[in-house]
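Subject: Structure handover

Hello,

Here is the structure for you to look over. My notes follow below it.

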Amino acid sequence: MTTRREILKWSVGAAAFAMALPLRSARAQVQSSLAVVVAKISPIQHLSQFELKKLYLGSNISDSAGERIIAFNQAPNSPDRVSFEQRVLGMTPDEVARYWIDRKIRGEGGAPKSVGSAELLQRVVSKLEHSVAYVRADQVRPDVRVVAIDGSVPGDAAYRLFT
């Protein structure tokens, strides 16, 4: 037979676990989120999901200073790039490749430049004030700044760029 003491111990343990669950969930959400980053001195403060998609599909988007924003990608077929293309562009890697081949055939602009590692990507962006890239939220370096997408940053409930 179960005693009142055992039931009370179990209840307290279950309550403590339930209270810790949102903290773990929020921490895991930040770690599995992609953050859009710019140089510390960049005039870019925020972007909409629509602007981000257009930017990575080759449209000319300007920042508040009137300068064209330069987009940088991670290495082809890297897990973060595949996730970004699915979340932001709504395309698979094959669909993205076909999209850029079609644009090249039509004489339109080329794809955003790819940079090897997330660390190198951030070093490049930190030197170019009108550029943007994406990295995992837990890999953001101190020489870049996270930009809000539709008013949300990694860790916010409304943030939509998860890996």
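Where in the chain is the place of Asn77? Asn77 sits in the loop between strand 3 (70–73) and helix 3. Helices here are DSSP runs of H or I with at least four residues, strands are runs of E with at least two, and both are numbered from the N terminus.

Before the rest, the ground rules. This is a predicted model, in which local features need pLDDT of at least 70, side-chain atom pairs count only at pLDDT 80 or more, and totals for chains, interfaces and linings use all residues. Residues are numbered from 1 along each chain as its sequence is written, and side-chain values use heavy atoms, with hydrogens and water left out.

Overall layout

The chain has five helices and seven strands. Along the sequence they follow the pattern α-β-β-α-β-α-α-β-α-β-β-β. Of the 163 residues in the chain, 37% are buried. Buried means under 20% relative accessible area, exposed means over 50%, and partly exposed is in between (1.4 Å probe, protein chains only).

Positive phi

Most residues other than glycine have a negative phi. Asn77 has a positive one, near 65 degrees. Asn77 counts as exposed because its relative accessible area is 62%. Asp150 also is not a glycine, and its phi is positive at about 55 degrees. Asp150 is found in the segment after strand 7. With a relative accessible area of 44%, Asp150 is partly exposed.

Aromatic pairs

A pair of aromatic rings is described by the distance of the centres and the angle of the planes. Rings of Phe, Tyr and Trp (its six-membered ring) pair if their centres lie within 6.5 Å; planes under 30 degrees apart are stacked, over 60 edge-to-face, and the rest tilted. The count comes to four aromatic pairs.

Tyr56 and Tyr134 make an edge-to-face pair, at 5.8 Å centre to centre and 65 degrees between the planes. Tyr56 belongs to helix 2 (residues 49–56) and Tyr134 to strand 5 (residues 131–136), so this pair ties together parts 78 residues apart in sequence. Both Tyr56 and Tyr134 are buried.

Phe84 and Tyr134 are stacked, because their ring centres are 3.9 Å apart and their planes are at 5 degrees. Phe84 lies in helix 3 (residues 79–89) and Tyr134 in strand 5, so the parts tied together here are 50 residues apart in sequence. Phe84 is buried, like Tyr134. Tyr56, Phe84 and Tyr134 form one aromatic cluster.

In helix 2, the buried residues are Gln49, Leu52, Leu55 and Tyr56. Seen down the helix 2 axis, these fall within an arc of 125 degrees, so they line one face. The arc is that of the directions from the helix axis to the C-beta atoms.

Helix 4 (residues 93–105) has 13 residues. From first C-alpha to last, helix 4 reaches 18 Å, close to the 18 Å expected at 1.5 Å a residue. The expected span is 1.5 Å times one less than the number of residues. Val96, Trp100 and Arg103 are buried in helix 4. They fall within an arc of 60 degrees seen down the axis, so they line one face of helix 4. On the other side, Asp94, Arg98, Ile101 and Ile105 are exposed.

Contacts across the sequence

Ser32 lies in the loop between helix 1 (4–31) and strand 1 (34–39). Its relative accessibility is 24%, so Ser32 counts as partly exposed. C-alpha to C-alpha, Ser32 and Leu161 are 8.7 Å apart in space, yet 129 residues apart in sequence.

Val153 is in the segment after strand 7 (148–149). At 31% relative accessibility, Val153 counts as partly exposed. Val153 and Ala35 are 118 residues apart in sequence, with 7.4 Å between their C-alpha atoms.

Regards
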